[in-house]
Amino acid sequence: MNLAPVLITVYDRFDCLEKSISYLLKNKEAKDTNLYVVSDYAYNSAHIPKIENIREYIRSISGFKSVEGIFWESNKGSFDSCRDAINYIFSQYDRVIVYEDDILVSNRFLEYMNNALEFYKDDERIISIASHTHYKPIVYHGYPYEIYLSKMYSPWGSGLWRDKYKKIDWELNGVEEFLKDKKQIKEFNSISNHMLPILLDMLQKGKKYGDVMVCYNMYKQNLYTLYPIKTLSVNIGHDGRGEHCGVDDKWQNQKLYNDFSPTMIKDLQTDKKIFKNQYKAFYDLRRDLLVPILEFVGLKNIAKKLWYKIKRR
């Protein structure tokens with residue numbers, strides 16, 4: 001089997017990148033894997049020394065079949081930096097494994113990712129392979145497999161194929177009509193209530209959030225992501241430094257499962273109980289119930305100010 005190259009994205013977190021590389025090197029396939037690390041340029045001149053230090057470190061990385069640093073000479077932002085690097089890799093390969101510098105992977109991560117990318121390459125329903133799963137229970141007692149399908153994309157360790165990636169509509173054509181269609185909104189929210197607010201925030205601010213853009217495409221094209229029942233990657237960016245992560249001790253300290261590589265299943269079917277459990281896992285009482293109620297009665301801003309005052313005490 002030809003092993004997929006690995007792409008890691010980084011900005012200014014040297015310690016995260018160094019730790020992430022150390023975990024990837026624990027995989028026996030690392031020595032036969034081509035590693036790419038894309039380094040975006042500083043958007044603030046004060047960050048330039050950190051960027052230069054990181055690039056010097058990237059040049060020193062060893063233990064892989066090859067290592068190539070992709071160094072942008074102007075700041076692209078996280079979305080364009082990653083997407084342009086993926087397109088560069090897809091000019092040479094038909095698949096890639098990609099994640100950010102704050103992701104730590106298990107010692108059988110590469111085995112799982114490469115097995116899944118090969119096994120499901122011709123399954124048109126599956127757009128990506130995920131290595132992370134929620135710390136809350138998704139898989140119910142008696143579920144017979146070590147993998148499951150979800151309508152939600154995960155960027156915390158993702159396997160992608162070139163041909164399927166090229167079909168993603170990054171322009172989100174038809175999104176205006178989608179937002180006016182109550183039936184489609186209800187269906188989209190039934191996957192998880194957290195995705196629509198992120199999509200709206202992205203559109204209002206004129207930004208690009210890759211994960212929710214893929215989720216939107218998955219909904220519109222009826223596609224799925226394959227997940228393991230145990231998490232094979234964790235995100236240590238919930239210490240306040242992550243771009244969209246904030247501070248969250250449960251995510252920050254999530255258990256990573258080593259010595260586990262799921263068995264692949266032909267014609268894997270969707271499971272309604274899995275969908276229901278994933279919806280529950282991402283449900284947030286404050287975000288999904290209290291905030292909409294306060295907004296409806298015109299008390300959202302008052303409650304927000306009061307909440308910040310309480311937090312400061």
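Buried means under 20% relative accessible area, exposed means over 50%, and partly exposed lies in between (1.4 Å probe, protein chains only). Helices (H or I, at least four residues) and strands (E, at least two) are DSSP runs, numbered from the N terminus.

The model shown here is predicted, so local features need pLDDT of at least 70 and side-chain atom pairs count only at pLDDT 80 or more, while totals for chains, interfaces and linings use all residues. Residues are numbered from 1 along each chain as its sequence is written, and side-chain values use heavy atoms, with hydrogens and water left out.

**View 1. Strand β7 is covered on both faces.**
Let us start with a strand. In a regular strand the side chains alternate between the two faces of the sheet. In β7, I147 and L149 lie on one side, Y148 and S150 lie on the other, and all are buried. β7 pairs with β9 in the antiparallel sense over 4 bridges; two strands pair if DSSP finds at least two bridges between them. Look for I147, which stands opposite P228 in β9.

**View 2. An open sheet holds 8 strands.**
Reading across, the order is β3-β2-β1-β4-β8-β6-β9-β7, and the pairing is mixed. β3 (66-71) and β7 (147-150) stand at the edges with a single partner strand each, so one side of each is left without a neighbour in the sheet. From one strand to the next, the twist averages 25 degrees. Here axes are lines fitted to C-alpha atoms, for helices over the stretch in contact, and angles run from 0 to 180 degrees between N-to-C directions.
Strands of a sheet pair through backbone hydrogen bonds, either parallel or antiparallel. β1 (residues 6-10) and β2 (residues 34-39) run parallel and are joined by 5 bridges. Within this pair, I8 has V37 of β2 as its bridge partner.
Helix α11 (residues 272-282) packs on the sheet and touches β7 and β9 (224-228), where contact means heavy atoms within 4.5 Å. The direction of α11 makes about 70 degrees with that of β7.

**View 3. Helices α8 and α9 cross at roughly 115 degrees.**
Two packed helices are described by the angle between their axes and the distance between the axes. The axes of α8 (residues 195-205) and α9 (residues 210-221) come within 10 Å. Which residues make the contact? From α8 come M195, I198, L199 and M202, and from α9 come V212, M213, C215 and Y216. They divide into 8 nonpolar, no polar and no charged. In this count, Ala, Val, Leu, Ile, Met, Phe, Trp, Tyr, Cys and Pro are nonpolar, Asp, Glu, Lys and Arg are charged, and the others, Gly among them, are polar.

**View 4. Helix α4 is mostly covered.**
Of the 11 residues in α4 (residues 109-119), 8 are buried. Among them are F109, L110, E111 and Y112. M113, N114, A116 and L117 are also buried residues of α4.

A salt bridge is a side-chain nitrogen of Lys or Arg within 4 Å of a carboxyl oxygen of Asp or Glu. The whole structure has 15 salt bridges.
Is D123 buried or exposed? D123 counts as buried, at 16% relative accessibility, while R125 is partly exposed, with a relative accessible area of 25%.
E124 forms a salt bridge with K167, with the closest N and O atoms 3.7 Å apart. This pair links distant parts of the chain, 43 residues apart: E124 is in the loop between α4 and β6 (126-130), and K167 is in the loop between α5 (162-165) and α6 (175-180). E124 is partly exposed at 48% relative accessibility, and K167 is exposed at 52%.

**View 5. L172 and D259 sit in loops.**
L172 is not a glycine, yet its phi is positive, at about 55 degrees. L172 is found in the loop between α5 and α6 and is buried, at 4% relative accessibility. D259 also has a positive phi, near 55 degrees, in a residue other than glycine. D259 lies in the loop between α10 (249-252) and α11 and is exposed, at 59% relative accessibility.
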